[in-house]
Amino acid sequence: MNQVIELVKTNAKKEKPSVESLGFGKYFTDYMFVMDYQKDKGWHSPKITPYEPLVLDPSSMVFHYGQAVFEGLKAYKTKEGKVLLFRPDKNVKRLNLSCDRMSIPTLDEDVVLEAIKQLVELEKDWIPEEEGTSLYIRPFVIATEPYLGVRPAGQYKFMIILSPVGSYYSGQLSPTKIYVEDQYIRAVPGGVGYVKTSGNYAASLKAQEEAEEQGYDQVLWLDAVEKKYIEEVGSMNIFFKVKGEVITPKLNGSILGGITRDSVIQLLQHWGVPVREERISVKDIFNAYHKGELREVFGAGTAAVISPVGELKWKDEQIIVNGNQIGDLSMRLYQAITNIQLGKEEDVLNWTVEI
């Protein structure tokens, strides 16, 4: 698909927010990317247009049957003024994986990457430069065909929007408190847990609300069958340092394959730190704690990069990890990844793409 991306210019640009007010996902840039799909035409008419509300038929199938997928990645500005993306090809491949699982027509990956690059280049003045800030990139696809029969839609809209963001958590590297969820279920093998579809996140909100009512920041999900094997934590993958080794749940069809997760594994291997992907029971983690072998716990994801865990609660037991302090390895990983993203450190694994 060799299509030229049309640019429709805005007549009125927005006032940029102060860095102090950014938060996460509150503000949006002047432009967005839009491309449509029709069964008889395929993906067509790619264009960058002013950011504006959508007009959708009330019977659009996304509202009724949930055909919606999305991705999340970031753009960074170096002190020299270069604009860098972090492993964007991985996000585009995962977007197509999600599309395929949700019976949405896949996209030309080169077109998606080019759309991201052109949109970010146009909006590069929106990239904040203070520590912990970035330009969040949200590509997504929704079913727009007006129809109430249950089947894959024949019309879709692919869009990319941009949002200048601060830290995902208010205390970026302050250890979080995690509640081990053993009532609600996030996903099952054979389902859609391994892709980024909107319904996964809607289904997680009830457990998240109840955890917050008990004073916890995030939910750690267990497997659906035996409710004893660790899967994900909130919107992140999870890692445990037990003695001198790092372990993380093996991808099993219900766990999202995170780009930051993969980056952590590759960095640890590059550094010679033993790392294993395997099935991990929550009981084994608590036993490791009681033996004095649990050194660190941390989450890894696009939004927060590395999020240390200071407390875990499972049933009636609470444990404090590493004295509720960020561990040395968690800090080293955070600094290494963010330094690569910001061009402060040599990109030895060739992860960044300059716009």
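Glu-317 is in contact (heavy atoms within 4.5 Å) with Phe-286, His-290 and Leu-312, once its neighbours within four places in sequence are left aside. The model is a predicted one, in which local features need pLDDT of at least 70 and side-chain atom pairs count only at pLDDT 80 or more, while totals for chains, interfaces and linings use all residues. Residues are numbered from 1 along each chain as its sequence is written, and side-chain values use heavy atoms, with hydrogens and water left out.

Glu-317 itself belongs to strand β17 (residues 317-320). Helices (H or I, at least four residues) and strands (E, at least two) are DSSP runs numbered from the N terminus. With a relative accessibility of 28%, Glu-317 counts as partly exposed; buried stands for under 20% relative accessible area, exposed for over 50%, and partly exposed for values in between (1.4 Å probe, protein chains only).

The loop between β17 and α7 holds Asn-322, which is partly exposed at 34% relative accessibility. Not counting residues up to four places away in sequence, Asn-322 touches Arg-295 and Gly-327. A separation of 37 Å is found between the C-alpha atoms of Asn-322 and Leu-97, which are 225 residues apart along the chain.

We turn next to the helices. Two packed helices are described by the angle between their axes and the distance between the axes. Here, axes are lines fitted to C-alpha atoms, for helices over the stretch in contact, and angles run from 0 to 180 degrees between N-to-C directions. The axes of helix α5 (residues 259-271) and α7 cross at roughly 105° and come within 11 Å. This makes α5 roughly perpendicular to α7, on a scale where angles under 35 degrees count as roughly parallel, over 145 as roughly antiparallel, 65 to 115 as roughly perpendicular and the rest as oblique. On the α5 side the contact is made by Thr-260, Val-264, Leu-267, Leu-268 and Trp-271, and on the α7 side by Leu-329, Arg-332, Leu-333, Ala-336 and Ile-337. By class, the residues of this contact between α5 and α7 are 8 nonpolar, 1 polar and 1 charged; Ala, Val, Leu, Ile, Met, Phe, Trp, Tyr, Cys and Pro count as nonpolar, Asp, Glu, Lys and Arg as charged, and the others, Gly among them, as polar.

Pro-88, Asp-89, Val-92, Lys-93 and Asn-96 of α2 make the contact with Glu-109, Val-112, Leu-113 and Ile-116 of α3. The contact of α2 with α3 has 5 nonpolar, 1 polar and 3 charged residues.

Aromatic rings are the next topic. A search of the whole structure finds 11 aromatic pairs, where rings of Phe, Tyr and Trp (its six-membered ring) pair if their centres lie within 6.5 Å, and planes under 30 degrees apart count as stacked, over 60 as edge-to-face and the rest as tilted. In one of them, the ring centres of Phe-33 and Phe-158 are 5.8 Å apart and the planes stand at 65°, so the pair is edge-to-face. This pair links distant parts of the chain, with Phe-33 in strand β2 (residues 31-38) and Phe-158 in strand β8 (residues 155-165), 125 residues apart. Both Phe-33 and Phe-158 are buried. Ring pairs join Phe-33, Tyr-37, Trp-43, Tyr-156 and Phe-158 into a cluster.

Ala-187, in the loop between β9 (176-181) and α4 (198-213), is buried, with a relative accessible area of 8%. Neighbours within four places in sequence aside, Ala-187 is in contact with Gly-193, Ala-224, Glu-231 and Ser-254.

Lys-227, although not a glycine, has a positive phi of about 55°. Lys-227 sits in the loop between β10 (218-222) and β11 (230-233) and is partly exposed, with a relative accessible area of 35%. Asn-350 likewise is a residue other than glycine with a positive phi, near 55°. Asn-350 is placed in the loop between α7 (328-341) and β18 (352-354), and at 66% relative accessibility Asn-350 counts as exposed.
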